[in-house]
Amino acid sequence: MTMAIPSFTVETRTRASTFSAIAVIALLLLAFAAPFIVSRGVIQDLFFILTMLVLAQNWNLLAGYAGLISVGQQAFVGFGAYTMFGAVILFGVDPVVAILIAGAFAVALAIPTAFFTFRLYGPYFAIGTWVVAEVARLLLAQWKALGGGTGTSLPRDATRDMMGVGFMRDLFGMKTSEAGDALTYWLALILVIATIGFIYGLLRSKQGLGLAAVRDNEQAARAVGVDAMRMKTFVYLATAFMTGLAGALIYVQKARISPDAAFSVTDWTAYVIFIVVIGGIGTIEGPILGVIIFFLLQNLLADYGSWYLLMLGLLGIAVMLFAPRGLWGLFSDRTSIQLFPVRRVLKGGPLNLTHKGGPHG
Amino acid sequence: MALIETRGLTAAYGDFQALFGVDIAVGTGETIAIIGANGAGKTTLMRSISGVIANEPASILYRNEPIGGLPAPDILARGIAMVPEGRKLFPSLSVEENLLIGRYGRTVDGPWTLDSIFGLFPILKERRSNPSTALSGGQQQMVAIGRALMSNPDVLLCDEISLGLAPVVVRDIYAAFPRIRETGASIVIVEQDIAQALKVADRVYCMMEGRVTLSGRADDLSRDDIHKAYFGTDHHELA
Amino acid sequence: MNWLDTILQGVLLGGLYALFAAGLSLVFGIMRLVNLAHGDLIVLAAFLILVLATTLGINPFVAAVIAMPLMFAIGWALQYFLLNRTLGKDILPPLLVTFGLSIVIQNGLLESFSADSRRVFAGRLESASVNLGPVTAGIMPLMTFFSAVAVIVCLNQLIYRTSVGRAFRATSDDPVTAGLMGIRPQRIFAMATGLAMVVVTIAALYLGTRANFDPTSGPSRLIYAFEAVIIGGLGSLWGTLAGGIILGVAQTVGAAMNPEWQILAGHLAFLAVLLFKPRGLFPRAVD
Ligand SMILES: Nc1ncnc2c1ncn2[C@@H]1O[C@H](COP(=O)(O)OP(=O)(O)O)[C@@H](O)[C@H]1O
Ligand SMILES: [Mg+2]
């Protein structure tokens with residue numbers, strides 16, 4: 001016997017989301033076809049955008065949903081990249097396989113990291129993650145087989161004979177370098193889809209509800225039986241995995257590594273934080289919007305060097321103060337459009353105390 | 001002329017309205033009591049007057065000046081001090097320091113100094129260098145009252161000073177009130193213990209669900225009236 | 001290798017780290033704010049001292065004395081107009097705003113002073129040293145250490161013996177009730193950050209005179225400061241000094257074994273403390 005489920009299901013689908021589902025499919029088809037349509041330079045730009053998006057989605061999941069504010073995600077980018085280099089150079093593993101190994105190693109690093117840093121109170125957790133990234137950088141700089149402090153390059157034939165490259169060369173008549181770029185691009189695209197799919201699925205699941213509860217009030221969440229620590233650990237390890245994959249993939253494409261670059265707090269954490277904050281923290285759409293804005297700003301202002309970073313910093317501060325839910329937040333408040341509706345529609349919101357005695361203005 | 005007056009005072013916590021047009025007046029040197037069941041809005045009224053909650057400026061007048069919009073430090077500077085519900089002593093400060101902090105924002109001359117507070121509550125002198133957390137509930141309440149007095153206020157607001165204390169301790173604490181009255185200060189006492197309130201106050205306001213339901217001279221009010229105003233019904237006997 | 005000497009140098013280096021950390025510790029103690037731009041503010045103060053010393057042609061110690069009120073004003077304004085707006089239950093806004101600030105300061109300094117390494121010259125003091133029996137200690141490292149001790153004594157006097165210090169502690173306990181005492185938490189916070197910047201200026205003086213610095217030196221100073229605070233245990237300035245000393249000794253011992261291991265050894269000591277004593281070596285009884 002079937003039974004109509006009464007209207008108690010919590011509504012997360014909106015009309016915009018049905019429309020956007022169709023748009024997303026069309027966009028994905030187009031994205032997969034891109035290497036046949038646009039130039040190699042554009043593909044490289046798209047690769048950059050996609051990999052930054054993966055990092056941003058992961059940082060957003062950590063900070064925006066799990067309340068784990070890390071400024072040490074470069075640890076997993078760098079460690080993933082170094083693992084990939086090690087596997088390729090020392091063991092002759094195919095770079096594509098090495099990327100997966102890198103993800104696993106990033107998780108292996110994340111376990112002790114979580115063990116240490118989860119002992120630190122909120123804001124100090126942030127600096128703790130940074131220390132771990134520094135330790136990883138300093139240790140890898142001691143590894144002479146991978147070039148020590150100055151770093152090393154991937155052997156040329158490793159990328160040339162990479163899994164799939166020969167196949168694409170024969171099938172599509174691409175040049176080797178073109179095929180390499182197309183391959184890394186497709187991998188990045190798949191990684192983006194998998195990351196967003198995972199996060200979207202997680203947030204819509206029962207665990208996602210628990211996560212929101214943990215973020216909003218850890219004690220209350222514990223009272224209703226959500227194991228905050230387990231949730232946080234799970235999210236931390238999952239983001240380490242995906243960040244490690246992204247790091248390895250980025251460095252397959254770069255083909256040259258050094259400890260300072262692979263563990264750069266600016267490249268892999270500061271930029272990522274700005275992308276998420278400017279786009280809109282705590283939404284899936286935010287980082288997507290943020291990475292596009294970031295890319296445009298970078299192309300517009302890259303010639304200005306440190307002025308560019310200075311401006312990005314100011315913009316980030318301004319957004320945090322005046323539009324804490326980012327540009328996407330402003331947009332979706334005006335239009336009520338959500339592409340990835342994960343927020344359960346529940347009108348009212350928390351009590352807004354009109355306190356003035358507290359820290360007073 | 002009233003020293004403090006509220007006119008149609010409303011207050012809300014977010015969407016939840018806690019006060020609906022409260023009118024009270026406190027004369028110079030007068031002691032009034034505000035009684036009412038849990039959740040009636042007494043604390044909200046005290047928080048409004050003392051500036052913890054922001055209100056419409058003209059809804060609270062002090063010496064005919066609108067003060068409803070002022071923050072707590074400005075209210076204290078004008079001479080209104082509060083003994084908050086639950087005592088709220090500073091755990092990082094010793095007993096003496098808790099008293100001294102009472103005159104951080106207002107250092108006018110008057111009857112109350114560290115010595116005269118120790119005269120009022122001698123036990124505090126013995127325990128002056130203890131952390132405030134090491135004191136019994138009654139002693140903590142004495143510190144909270146002393147702390148408010150240190151600013152030599154013209155108006156002393158006391159929110160449920162007998163809460164959670166044994167009757168003998170309550171008696172000790174209320175024994176200090178005649179001395180406070182002698183200094184000419186006006187006193188507002190929030191109490192759930194009706195008998196106690198009627199004993200110390202000149203006039204009484206009874207509140208229920210954010211409104212004043214009864215007011216009058218303490219000796220004029222009948223048990224029945226109070227009962228009705230307190231519980232909103234006349235079917236039960238007052239305990 | 002002279003172990004005694006290595007350890008002595010480490011202890012003295014710990015004084016510098018305690019100076020880095022004292023401001024961070026003070027601000028955290030009063031408003032639970034962790035300023036990720038703390039290291040960059042130290043570097044900013046070092047540049048300020050450098051500019052004052054070179055343009056006015058004065059001794060760096062005099063320059064630091066002039067820089068102190070300026071840095072106090074910067075800290076006061078920064079807290080009052082910017083950071084106070086970020087305080088609340090959510091730790092995200094203050095962290096992200098101070099992280100943004102760190103990037104802004106670094107790149108502002110890069111634009112103004114280029115990426116070159118700088119140094120503040122302290123004249124003959126730099127090479128002067130005293131003989132302490134089996135070991136010798138540089139005058140500057142000794143001054144650094146004793147400045148750290150003096151700063152901690154002064155801060156403790158201020159916090160535990162003055163009316164402002166009482167207000168600091170009361171506000172830290174409960175800002176709403178502090179308001180009822182006539183304390184304006186916003187101003188207390190601004191004063192605390194201003195004060196932290198005075199300590200930062202002292203730290204900057206010794207940072208600038210004992211080694212090279214450049215606009216990107218900030219983050220590692222933040223990390224050392226943070227490690228000293230955590231090793232010592234939150235809430236006690238003497239603990240922070242002890243934390244600084246442990247970090248300093250770990251670094252000099254590491255460096256004595258292999259110069260490349262200096263920083264790494266410090267981090268490993270920090271992780272070891274975190275492993276065995278998660279609340280630090282000298283935590284305050286309860287919080
Ligand atoms: N901080 C707050 N947030 C939301 N509601 C509150 C808050 N404080 C009090 N209330 C509500 O306001 C009403 C009046 O409370 P209160 O003034 O504390 O009453 P009383 O002091 O008479 O017991 C109650 O319904 C209470 O639940
Ligand atoms: Mg109450």
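Let me begin with one word, contact, which here means heavy atoms within 4.5 Å. With that in hand, hello everyone, and welcome to a short tour. What we have is a predicted model, in which local features need pLDDT of at least 70, side-chain atom pairs count only at pLDDT 80 or more, and totals for chains, interfaces and linings use all residues. Residues are numbered from 1 along each chain as its sequence is written, chains are lettered from A and ligands numbered from 1 in the order in which they are written, and side-chain values use heavy atoms, with hydrogens and water left out.

Let's start with chain A. Take its contacts with a separation of 6 or more: 77% of them are between residues 24 or more positions apart. Its secondary structure comes to 16 helices and two strands; helices (H or I, at least four residues) and strands (E, at least two) are DSSP runs, numbered from the N terminus. Chain A has 361 residues, and 52% of them count as buried. Buried means under 20% relative accessible area, exposed means over 50%, and partly exposed is in between, with a 1.4 Å probe and protein chains only. The accessible surface of this chain comes to about 16600 Å², and carbon and sulfur atoms hold 66% of that. Accessible areas come from the Shrake-Rupley method with a 1.4 Å probe, and for residues only the protein chains shown count as cover.

While we are in chain A, please find Ala255(A). It sits in the loop between helix H11 (228–254) and strand S2 (256–257). For background, most residues other than glycine have a negative phi. Is Ala255(A) buried or partly exposed? With 23% relative accessibility, Ala255(A) counts as partly exposed.

Arg87(B), in the loop between strand S6 (80–83) and helix H3 (95–101) of chain B, has a positive phi near 70 degrees and is not a glycine either. Arg87(B) is buried, because its relative accessible area is 17%.

Now for the ligand. Where does ligand 1 lie? It is between chains A and B. There are 13 residues around ligand 1, and those that come nearest are Gly39(B), Gly41(B), Lys42(B), Thr43(B) and Thr44(B); a residue is near if one of its heavy atoms lies within 4 Å. The shell has seven nonpolar, five polar and one charged residues. In that count, Ala, Val, Leu, Ile, Met, Phe, Trp, Tyr, Cys and Pro are nonpolar, Asp, Glu, Lys and Arg are charged, and the others, Gly among them, are polar. In chain B, strand S2 (16–27) and helix H1 (42–49) each supply at least two residues of the shell, and H1(B) gives the largest share, three residues.

Which polar atoms meet the oxygen atoms of ligand 1? A polar backbone atom of Gly39(B) is 2.7 Å from one, a polar side-chain atom of Lys42(B) lies 2.8 Å from one, and a backbone N or O atom of Ala40(B) lies 3.1 Å from one. On its own, ligand 1 has 560 Å² of accessible area, and the protein covers 70% of it.

Staying in chain B, look at helix H7 (residues 167–174). Its buried residues are Val170(B), Ile173(B) and Tyr174(B). They lie on the same side of H7(B), because they cover an arc of only 95 degrees around the axis, the arc being that of the directions from the helix axis to the C-beta atoms. In general, an α-helix has 3.6 residues a turn, so residues three or four places apart point the same way. Among the elements covering these residues are helix H6 (137–149) and strand S8 (186–191) of chain B.

Our last stop is chain C, at helix H6 (residues 163–173). Its buried residues include Phe168(C), Ala170(C) and Thr171(C). The cover over the buried residues of H6(C) includes H3 of chain B, together with helices of chain C such as H1 (3–31) and H5 (139–161). Thr171(C) is buried, with a relative accessible area of 1%. Leaving out residues up to four places away in sequence, Thr171(C) touches Ala178(C), Ile183(C), Pro185(C), Ile188(C) and Phe189(C). Thr171(C) and Met31(C) are 140 residues apart in sequence, yet their C-alpha atoms are 8.0 Å apart in space.

Notes: Polar contact = N/O pair within 3.5 Å; in protein donor to acceptor, adjacent residues only side chain to side chain.
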